[in-house]
Amino acid sequence: KIGGSSSWMPAATWAYGLGLIALKLFGVELQLGRFLGAVGRSLDAIPRSYDWRQSLSFVSLRLISFNMDYFWALKDTGDIEAQFPPMQDPVNLAEAKPYKIRERQPRPLEDYSLANNIAHVLYSPLWLAGPTISFNAFISHLRDRSQEAVTGWRLLAYALRLAMCLAILELVLPVLLSCGIVRSHMYEHFGQGWPAHLLPYYAMFLLIVIWLKFLCIWRFARLWALCDGVEVLENMERCVCNNYSITSFWRGWQ
């Protein structure tokens with residue numbers, strides 16, 4: 001926030017965020033003890049199965065979102081308010097705002113605080129996995145009203161679909177053994193005693209299993225957020241087999 005609406009702030013924000021991601025990619029070990037002293041060292045010493053550094057990419061994206069939303073709230077407030085008037089009185093809101101409006105609509109400047117930034121970064125349902133959410137959209141649900149895009153029977157149907165996907169995953173894993181073949185390096189035997197023509201089938205089944213795993217993880221995170229009153233967009237809209245090009249596959253798996 002120190003940069004305010006300065007022209008160099010977006011570049012500095014992106015450089016900082018991408019720098020954090022680069023540290024993770026290059027295997028640089030970040031210790032909380034370097035920043036928080038004795039408290040940080042005690043946190044580093046806690047046994048854990050999931051290291052906080054594994055979520056550094058999501059943390060970086062949320063920090064970028066906070067800074068850029070604040071920047072545009074300062075820079076272009078007048079232009080954006082002409083399209084989307086600020087939501088000052090949540091009691092008088094007649095209708096729920098669509099996600100795209102919540103995302104682009106500027107918040108009152110007092111909402112861009114350190115406490116709200118920490119709440120956005122450490123939001124439990126979306127901490128381990130996607131989909132992610134912009135700061136403006138996140139804080140609008142906290143300050144104005146809970147999400148109403150997926151409620152009632154639609155929310156129950158979404159939960160039942162997730163349960164069905166989990167059941168299918170549990171049935172598929174013992175049958176296909178794709179992940180077991182990868183871990184044991186048995187795929188190296190294709191062409192050396194194993195029929196080589198089975199390799200494309202194996203690769204396709206492996207891709208489907210990986211897709212199904214991510215589907216269950218991310219839809220569970222989205223369901224948790226929806227139940228908490230925060231709308232996040234579905235980022236796995238199409239089956240991995242329901243695509244005709246790599247481009248359409250990645251567009252459906254945002």
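This is a predicted model: local features need pLDDT of at least 70, side-chain atom pairs count only at pLDDT 80 or more; totals for chains, interfaces and linings use all residues.
## Overall make-up

The protein has 11 helices and 0 strands, so that, read from the N terminus, its elements run α-α-α-α-α-α-α-α-α-α-α. Of the 254 residues in the protein, 39% are buried. Among the contacts between residues at least 6 apart in sequence, 72% join residues that are at least 24 apart.

## Packing of α8 and α10

Two packed helices are described by the angle between their axes and by the distance between the axes. For helix α8, residues 152-176, and helix α10, residues 199-227, the packing angle is about 150 degrees and the axes are 10 Å apart. Because angles over 145 degrees count as roughly antiparallel, α8 is roughly antiparallel to α10. The crossing of α8 and α10 is left-handed.

On the side of α8, the contact is made by L155, Y158, A159, R161, L162, C165, L166, I168, L169, V172, L173 and L176, while α10 contributes F205, V209, L212, K213, L215, C216, R219, F220, R222, L223, L226 and C227. Sorted by class, the contact of α8 with α10 has 20 nonpolar residues and 4 charged ones, with no polar residue.

## The largest nonpolar core

The largest nonpolar core holds 11 residues in all, namely A129, C165, L169, W211, L212, L215, C216, W218, M236, V240 and F249. The elements that give two or more residues to this core are α8 and α10, and α10 gives the most, with 5 residues. Several residues of the core, including C165 and L169, also belong to the contact between α8 and α10, where C165 and L169 lie on the α8 side.

A129, another residue of this core, is in contact with F58, I217 and W218 when its neighbours within four places in sequence are left aside.

## Packing around α6

Which residues of α3 and α6 meet? In α3, which spans residues 56-75, they are V59, R62, L63, S65 and F66, and in α6 they are N117, H120 and V121. The axes of α3 and α6 come within 9 Å and cross at roughly 145 degrees, and the crossing is right-handed. The residues of the contact of α3 with α6 divide into 4 nonpolar, 3 polar and 1 charged.

Helix α6 also packs against helix α7, residues 135-143, at an angle of about 105 degrees, with their axes 10 Å apart. Because angles of 65 to 115 degrees count as roughly perpendicular, α6 is roughly perpendicular to α7. This contact is made by N116, N117, A119 and H120 of α6 and by F135, F138, I139 and R143 of α7, and its residues divide into 4 nonpolar, 3 polar and 1 charged.

S60 has its place in helix α3, and because its relative accessibility is 0%, S60 counts as buried. Leaving aside its neighbours within four places in sequence, S60 is in contact with G17, L20 and I21.

Q105 has its place in the loop between α5, residues 99-104, and α6, residues 114-121. Is Q105 buried or exposed? At 2% relative accessibility, Q105 counts as buried. Q105 and W72 are 33 residues apart in sequence, and their C-alpha atoms are 9.8 Å apart in space.

Technical notes. Residues are numbered from 1 along each chain as its sequence is written. Side-chain values use heavy atoms; hydrogens and water are left out. Axes are lines fitted to C-alpha atoms, for helices over the stretch in contact, and angles run from 0 to 180 degrees between N-to-C directions. Helices (H or I, at least four residues) and strands (E, at least two) are DSSP runs, numbered from the N terminus. Angles under 35 degrees count as roughly parallel, over 145 as roughly antiparallel, 65 to 115 as roughly perpendicular and the rest as oblique. A crossing is left-handed if the near helix is turned anticlockwise from the far one by less than a right angle, and right-handed if clockwise. Contact means heavy atoms within 4.5 Å. Ala, Val, Leu, Ile, Met, Phe, Trp, Tyr, Cys and Pro count as nonpolar, Asp, Glu, Lys and Arg as charged, and the others, Gly among them, as polar. Buried means under 20% relative accessible area, exposed over 50%, partly exposed in between (1.4 Å probe, protein chains only). A nonpolar core is a set of buried Ala, Val, Leu, Ile, Met, Phe, Trp, Tyr and Cys residues joined through side-chain atoms within 4.5 Å.
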